[in-house]
Amino acid sequence: MSTRVLLIDDDTRMYELLAQYLGQNGLSVTHAADGGRGLAALEASAFDAVLLDVMMPGMDGLEVCKRIRAKSRIPVIMLTAKGDETDRVVGLELGADDYLPKPFSPRELLARLRAVLRRSQPSAVADRLESGGVSIDVAGREVRVEERAVELTGLEFDLLVALVRRAGRVVPRDALLGEAGRSDTVVGERTVDVHISHLRQKLGDVGTRLIKTVRGVGYVFAKEGP
């Protein structure tokens with residue numbers, strides 16, 4: 001069965017181009033021309049990922065992303081105007097897994113789609129990490145903080161795993177991007193900062209206490225006890 005992708009974008013020409021290219025690479029693309037139709041499509045059918053344009057008439061992509069995240073953890077890639085950092089940052093804060101500035105090449109989009117889809121799949125290797133009251137079931141992609149279940153996006157989960165695996169050691173921002181399948185040069189350090197901030201909030205006091213910023217370098221998950 002092919003991977004099903006929902007494109008929410010009012011650009012019909014883009015849909016035609018992506019449907020042809022992604023179709024040749026085993027991905028089926030369904031088109032919704034506005035936010036309302038996109039949300040209705042997600043309610044009516046099952047998809048593996050969403051490509052979401054920010055600038056659309058009526059309901060914009062940021063509001064659509066917010067509504068998707070209220071109900072689903074489906075991978076979402078935001079499509080933003082080139083150089084519009086504000087939309088990218090807000091989109092990430094709302095729970096988007098990735099962003100891609102327009103214009104972009106279909107080949108790069110395919111690579112990013114495969115990356116977010118890969119991150120959303122359970123690992124085949126059983127692995128459990130524990131540190132500072134945080135327990136991570138890597139295979140099941142589940143996180144608990146002092147027995148409280150914590151819902152994370154795909155990228156937040158991978159960043160947390162990367163930090164906990166190296167507890168007590170500073171992890172540079174570029175290394176964190178690489179760990180999360182985001183070692184491309186298009187993504188800036190601000191992406192990591194946004195997701196780490198969101199991660200701290202979701203982990204609560206434990207996140208604030210243990211995830212430390214090393215200015216100009218990266219982050220460290222502090223070890224507790226002897």
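Being three residues apart in helix 1, R13 and E16 are separated by about one helical turn. Their side chains form a salt bridge, with the closest N and O atoms 3.8 Å apart. The model described here is predicted. The chain has 226 residues, of which 47% count as buried, and contains nine helices and twelve strands.

**Helix 1 pair**

- R13 counts as exposed, because its relative accessibility is 52% and the cut-off for exposed is over 50%.
- E16, the partner of R13 in the salt bridge, is partly exposed, with a relative accessible area of 41%.
- An α-helix has 3.6 residues a turn, so residues three or four places apart point the same way.

- A search of the whole structure finds 14 salt bridges.
- One of the salt bridges joins the side chains of D9 and K102, at 3.1 Å from N to O. D9 sits in the loop between strand 1 and helix 1 (12–24), while K102 sits in strand 5 (residues 98–102), so this pair ties together parts that are 93 residues apart in sequence.
- D9 is buried, with a relative accessible area of 0%.
- K102 also forms a salt bridge with D53, where the closest N and O atoms are 3.1 Å apart. K102 is in strand 5 and D53 in strand 3 (residues 49–53), so the pair ties together parts that are 49 residues apart in sequence.
- D53 counts as buried, at 5% relative accessibility.
- Through shared partners, the salt bridges join D9, D53 and K102 into one network.

- T80 is placed in strand 4 (residues 76–81).
- T80 is buried, with a relative accessible area of 0%.
- Leaving out residues up to four places away in sequence, T80 touches V54, D87, R88, L100, P101 and K102. Among these contacts of T80 is K102, which is also the salt-bridge partner of D53.
- D87 and R88, both touched by T80, are among the buried residues of helix 4 (residues 85–93). V89, G91 and L92 are buried in helix 4 as well.
- Just after helix 4, G95 takes a positive phi of about 115°.

**T3 in strand 1**

- T3 lies in strand 1 (residues 3–8).
- T3 is partly exposed, with a relative accessible area of 24%.
- Not counting residues up to four places away in sequence, T3 touches G26, L27, S28, D48 and L117.
- T3 and L22 are 19 residues apart in sequence, and their C-alpha atoms are 9.7 Å apart in space.

**Surface charge**

- A patch of negative charge on the surface gathers E130, E146, E147 and D205.
- E147, a member of this patch, lies in the loop between strand 8 (142–145) and strand 9 (148–150).
- E147 counts as exposed, at 65% relative accessibility.

**Whole chain**

- The accessible surface of the chain comes to about 11,000 Å², and 49% of this surface belongs to carbon and sulfur atoms.
- Among contacts in the chain between residues at least 6 apart in sequence, 58% join residues at least 24 apart.

Terms used:
Residues numbered from 1 in each chain as written. Predicted model: local features only at pLDDT ≥ 70, side-chain atom pairs only at ≥ 80, totals over all residues. Heavy atoms only, no water. Patch = residues over 30% accessible without salt bridge, like charges linked within 9 Å, V, L, I, M, F, W, Y side chains within 5 Å. Areas by Shrake-Rupley, 256 points an atom, 1.4 Å probe, with all protein chains shown as cover. Salt bridge = Lys/Arg side-chain N within 4 Å of Asp/Glu carboxyl O. Lys, Arg positive; Asp, Glu negative; His and termini not counted. Charge placed at Lys NZ, Arg CZ, Asp CG, Glu CD. Helix = DSSP H or I, 4+ residues; strand = E, 2+ residues; numbered from the N terminus. Buried < 20%, exposed > 50% of the residue type's maximum accessible area, 1.4 Å probe, protein only. Contact = heavy atoms within 4.5 Å.
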